[in-house]
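Hi,

Here is the structure I promised to pass on.

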Amino acid sequence: MAQIQVQHQNVAAAPGGASGAQFQTTSLYVGDLDFNVTDSQLYDLFNQVGQVVSVRVCRDASTRRSLGYGYVNYNNAQDAVRAMELLNFTPLNSKTIRVMYSHRDPSIRKSGTANIFIKNLDKTIDNKALHDTFSSFGNILSCKIATDMNGQSKGYGFVQFDSAEAAQSAIDKLNGMLINDKQVYVGHFLRKQERDTSHSNPKFNNVFVKNLAESTTDDELKTIFGEYGTITSAVVMRDSDGKSRCFGFVNFENADDAAKAVEALNGKSFNDKEWYVGKAQKKTEREQELKSRFEQTAREVVDKFQGVNLYVKNLDDTIDDDKLKELFSEFGTITSCKVMRDPNGISRGSGFVAFSTPEEASRALSEMNMKMVISKPLYVALAQRKEERRARLQAQFMQMRPVAMPPSMGPRMPIYPPGAPGIGQQLFYGQGPAIIPPQVRFHFVLWCRLFRHFISISIQSYACNCYKLGSFECLVSSVSLFVNYTV
């Protein structure tokens, strides 16, 4: 186990430490479990400390593979406290487990309150060493070192206390200290969105300049930018033949000087070339900025055509833009009209028609939907973004699919008390046996048969509509659903 040597003045323990008030709960969360750990192993381990009411290793619903964590429930809170003290960071199947209190209210851990972030940690520091270092400042809810796929430390971790005062005390005492000969950073944890907001206007020293004349040299770049502050380096990027690539970088000693240079020189012309001058960005930052611009533009286009843009499919291959416009022109002023085509210019059988007002689009929708055009019924609907369509289809599918029923018996699967199927306290491994009365099984089977009959009728109706619309892809999908639900 790694040992932490804190090289600093004496660190006083904060009030409300581990000896403070404990959570009066009997439920424990067990994390970092080996994927082969079973309910019985977990039960045997924790039952040594006190009487265990139930245990559960959480598993994937479809594959039944362990998710690497589970829950243990005791009869009384004292046993849960003792289990925390004795079993936290103990090995199970050669892998160290983490034990902490289970909070049914997710808002406590999701709020980020009293959660701190530690970086620049030595790679030998593990969860226990980190816990031992920070436990003197208060009661720790969770403590974890981030690791890669091979289980090696990434050099940073997280500690969440039960109070903001304990977290602030740890930050005040440990930020900037040497731990295992490395100076660590300790600060409040920020979510990604908060980090993006806090860095929306960051300070920078490195400046990017492009659209340079081919004759511009490093010295000229340094002379021009040198008017705004001390420069540590200035370079014009060149290819393997020494030819200028017409962009370069200038690094200032002071971030304020860099900001002044950007403000003064961006958009100015030199040698009949208008320069772009801005903060030098990493590739990921540029991609994120371009993505944000694209999404913003897409949202603006959608908002502009909200309620006036119609999606039309099941078009005959002979219909082009002009014929499509002619079909819908009687309902109002058309601002745009287009038939979608593949790279070879062949119609995809769908298109878009945008009207000037929502009223015109609504009238066209009611009149043209299911209208026969060249022996094919048109499908007309309001155009939607891809994300909206996906969400709507997913919601429809979730309404159609039956509720998955667990097998009647098996390890850790919930079993309900007699006379009240599906109601009451679930029983897990470690509890007394329970039975399902014959009448309950009979009603269950009857319900399943009625449900399957209802689903088959719904799918047949859906298949008929697909056939009328000429949508053979939907027809094949409905037939597949019918076979899965009825066979």
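A definition to start with: helices (H or I, at least four residues) and strands (E, at least two) are DSSP runs, numbered from the N terminus. Residues are numbered from 1 along each chain as its sequence is written. Please keep in mind that this is a predicted model, where local features need pLDDT of at least 70, side-chain atom pairs count only at pLDDT 80 or more, and totals for chains, interfaces and linings use all residues, while side-chain values use heavy atoms, with hydrogens and water left out.

**Strand β10 and Gly-157**

Gly-157 is placed in strand β10 (residues 153–161). Buried means under 20% relative accessible area, exposed over 50%, and partly exposed in between (1.4 Å probe, protein chains only). Gly-157 has 0% relative accessibility, so it counts as buried. Contact means heavy atoms within 4.5 Å. Apart from neighbours within four places in sequence, Gly-157 is in contact with Ile-116, Phe-117, Ile-118, Leu-121, Lys-144, Ile-145 and Ala-146.

**The whole protein**

There are 14 helices and 25 strands in the protein. Of its 487 residues, 34% are buried. For contacts between residues at least 6 apart in sequence, 62% join residues at least 24 apart.

On confidence, pLDDT is the predictor's confidence in each residue, from 0 to 100. The protein averages 77, and 70% of the residues score at least 70. Residues 7–23 stay under 50, and the model has 30 contacts for them beyond four places in sequence. Residues 429–436 are also below 50, with 19 contacts in the model beyond near neighbours in sequence.

**Cores and a buried helix**

A nonpolar core here is a set of buried Ala, Val, Leu, Ile, Met, Phe, Trp, Tyr and Cys residues joined through side-chain atoms within 4.5 Å. The largest has 24 residues, of which Leu-28, Leu-33, Leu-42, Phe-46, Val-72, Tyr-74 and Ile-97 touch the most other members. Two or more residues of this core come from each of β2 (27–31), α1 (39–47), β3 (52–59), β4 (66–74), α2 (77–87) and β7 (98–101). Setting aside residues up to four places away in sequence, Val-72 touches Thr-26, Ser-27, Leu-28, Val-30, Leu-42, Phe-46, Val-52, Ser-54 and Val-55. A second, separate core has 23 residues, including Ala-114, Ile-118, Ile-145 and Val-184.

Helix α4 (residues 127–134) is largely enclosed by the rest of the structure, because 6 of its 8 residues are buried. Those buried in α4 are Asn-127, Ala-129, Leu-130, His-131, Thr-133 and Phe-134.

**Rings and charges**

Rings of Phe, Tyr and Trp (its six-membered ring) pair if their centres lie within 6.5 Å; planes under 30 degrees apart count as stacked, over 60 as edge-to-face and the rest as tilted. Searching the whole structure gives 15 aromatic pairs. Phe-208 and Phe-249 make a tilted pair, because their ring centres are 5.5 Å apart and their planes are at 50 degrees. This pair links distant parts of the chain, with Phe-208 in strand β14 (residues 206–210) and Phe-249 in strand β16 (residues 244–252), 41 residues apart. Phe-249 also forms an edge-to-face pair with Phe-247, at 6.1 Å centre to centre and 85 degrees between the planes. Elsewhere, ring pairs join Phe-117, Tyr-156, Phe-158 and Phe-189 into a cluster.

A charge sits over a ring if NZ of Lys or CZ of Arg is within 6 Å of the ring centre and within 35 degrees of the ring normal. The charged end of Arg-65 is over the ring of Phe-35, 4.1 Å from its centre. Lys-313 lies over the face of Tyr-379, 5.1 Å from the ring centre.

**Two backbone angles to look at**

Most residues other than glycine have a negative phi. Cys-246, though not a glycine, has a positive phi of about 65 degrees. Cys-246 is in strand β16 and counts as partly exposed, because its relative accessibility is 22%. Asp-272 likewise has a positive phi, of about 60 degrees. Asp-272 is in the loop between β17 (269–270) and β18 (273–274), and at 81% relative accessibility Asp-272 counts as exposed.

Best wishes
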